[in-house]
Amino acid sequence: MRPSPVMTRAAGLDALAAFLAGPGADYAAARNTDRGPAAPPTTSALSPYLRRRLLTEEEVAREAIRALGERGAEKFVSEVVWRTYFKGHLETHPEAWTRCLAGHEAAQARLAAEPPLRRIHARAVAGETGIDGFDAWAAQLVAEGWLHNHARMWFSSIWIFTLRLPWELGAAFFLRHLLDGDPASNTLSWRWVAGLHTRGKAYLARRDNVREFTQGRHDPAGLDEGAAALEEAIPPREVPLAPADTAPDGPIALLLHLDDLNPESLPLGCARVMRVAGLVASADGASERVRAADEAAMADALARAQARFGCPAGPAREGWAGDLPVVTPWAPVGPSADALPAGCRRIRRPWDERAWPLSNRGYARLRGAIPKLTAP
C-alpha cells in the first residue's frame with residue numbers, strides 16, 4: 001500500500017523537485033500508463049498539494065517550464081492548468097455543484113427504495129462486482145485515498161455505463177476518499193465522463209484500452225462500450241464571475257481555508273496581518289485519511305503564517321479576529337466557501353483573475369492562453 005503523502009509545503013516542494021529532476025521528462029509519454037499501486041506513479045502525484053494550494057498551479061507550472069523548457073513541460077503544464085480550469089468553470093456554473101448535491105440526495109433515496117440498486121452500489125464501493133480492474137481500484141481508493149488519473153476515468157465510466165449507477169453517488173464516493181479531491185475537479189470530471197460537461201461526448205472505458213494501459217494486469221470483460229451519453233434537459237446556466245475584494249491597508253485578520261494554504265504568496269498589498277486563523281471544512285463524510293490530511297495541511301499553513309507574519313495563528317474560534325477586518329483567499333464553490341463567515345473580504349490571486357474568465361466554456365480557450373498565463 002502506497003503511504004499517504006506528508007501534507008506540508010516543504011514536502012510538496014521536495015516532491016516537485018524530485019519529479020522535475022527525474023520522471024518529469026517522460027511525463028507526456030508515460031502518464032496514461034497505470035503500473036499499479038506497488039510501482040512508482042507515472043504522474044507527478046502532486047495533486048494533494050495542489051488541491052490545498054500548499055503548492056499553487058502557477059508556481060508548479062513555472063517551475064516545470066524552467067526545468068523542462070516550454071516544449072518539454074507542455075503536456076504536464078496543460079494537465080496542471082486543468083485544475084485551474086475546473087475551478088473557474090464551476091465558479092461560472094455553480095449550478096453544476098448544486099445539481100450534484102441534489103442528485104446525490106435523490107440517489108440516496110433511490111438506494112433506500114430500490115433493493116437491486118442498493119445491492120449493486122454496495123458491491124461497487126466494496127470492490128465486489130467481479131469486474132476485473134474496477135474492484136481493485138475501489139479497494140485502492142479506500143485503502144490509499146489515491147487512484148491514477150486513467151484509472152479514475154475507467155472507474156467512473158464503468159460505474160455509470162456498465163453498472164448503471166447514478167454518477168452523483170460515484171462522485172461522492174471519490175470525494176470522501178480522494179486525498180486530492182475537490183468539488184470542481186471531481187464534479188466536473190464525473191460530468192465529463194458521463195457526457196454532460198461536453199454534451200453528448202461520453203468517455204467509455206474499453207477492454208483493450210484498460211488491458212494496454214495497465215500493462216496486462218487487468219482485462220475486464222462485459223463492459224458496455226457502446227452506451228449513449230447521459231442527458232439533462234437544460235445544462236447548468238452560466239453566471240458572471242463574482243468580483244473579488246481587495247485587502248484593506250492597515251491591520252487585518254487573515255482567515256485560511258483548505259482551498260488555499262499558501263499565505264506567503266497572497267496578494268495582500270499594504271495590509272498588515274495581525275492574527276491568522278484556520279477554518280477546516282472537509283468534504284461531507286470525508287474518510288479519516290482525508291480529514292487527517294486536511295488537518296495536517298492546515299497545521300503546516302498556520303505555522304508558516306505565524307513565522308511569516310509574526311503574529312498568533314490557530315484554529316478559527318468565535319471572536320478570534322476581534323475588531324479587525326477579516327480577509328480570506330477566494331474559496332471556490334464547495335464546503336470552504338459555504339463555511340466562510342459573513343463579512344469576509346475575499347481576495348483572488350492574479351493567476352485566477354486571468355484564468356477563470358477564460359474557463360467559462362470548453363478547456364481549449366484556456367489551454368490556448370497558457371503561454372501568456374505562464375509568461376514571466
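Two strands are taken as paired if DSSP finds at least two bridges between them, and helices (H or I, at least four residues) and strands (E, at least two) are DSSP runs numbered from the N terminus. The views below show a predicted model, in which local features need pLDDT of at least 70 and side-chain atom pairs count only at pLDDT 80 or more, while totals for chains, interfaces and linings use all residues. Residues are numbered from 1 along each chain as its sequence is written, and side-chain values use heavy atoms, with hydrogens and water left out.

**View 1. An open sheet of five strands.** The strands follow the order S3-S2-S1-S4-S5, and their pairing is parallel. Strand S3 (313-315) and strand S5 (345-347) stand at the edges with a single partner strand each, so one side of each is left without a neighbour in the sheet. From one strand to the next the twist averages 30°, where axes are lines fitted to C-alpha atoms, for helices over the stretch in contact, and angles run from 0 to 180 degrees between N-to-C directions.

**View 2. Bridges between neighbouring strands.** Strand S1 (residues 250-257) and strand S2 (residues 271-279) run parallel and are joined by eight bridges, and Pro251 has Arg272 in S2 as its bridge partner. S2 is in turn joined to S3 by three bridges, again in parallel, with Gly278 partnered by Pro315 in S3. Strand S4 (residues 326-329) is linked to S5 by three bridges, the two running parallel, and Thr328 stands opposite Arg346 in S5.

**View 3. The bent helix H4.** Helix H4 (residues 57-92) has 36 residues, yet its end C-alpha atoms are only 19 Å apart, short of the 52 Å that a straight helix would reach at 1.5 Å a residue; the expected span is 1.5 Å times one less than the number of residues. At Gly69, H4 bends by about 125°, the bend being the angle between axes fitted to the seven residues ending there and the seven starting there.

**View 4. The largest pocket.** On a 1 Å grid over the protein atoms alone, a pocket is an open set of points with protein on both sides within 12 Å along at least five of seven lines, a cavity is a set of points where a 1.4 Å probe fits but cannot get out, and lining residues have an atom within 4 Å of a point. The largest pocket has a volume of about 1000 Å³, and of the 40 residues that line it, Glu79, Trp82, Phe86, Asn149 and Ser189 are the closest to its centre. H4 supplies the largest share of this lining, eight residues, and helix H8 (149-162) and helix H10 (183-194) are among the helices that each supply at least two. By class, the lining has 19 nonpolar, 13 polar and eight charged residues, with Ala, Val, Leu, Ile, Met, Phe, Trp, Tyr, Cys and Pro counted as nonpolar, Asp, Glu, Lys and Arg as charged, and the others, Gly among them, as polar.

View 5. A search of the whole structure finds three cavities of 30 Å³ or more, a volume being the space filled by probe spheres set on grid points that are joined across faces, edges and corners. The largest cavity holds about 100 Å³ of space, and Arg51, Gly181, Ser282, Ala283 and Asp294 lie nearest its centre among the 14 residues that line it.
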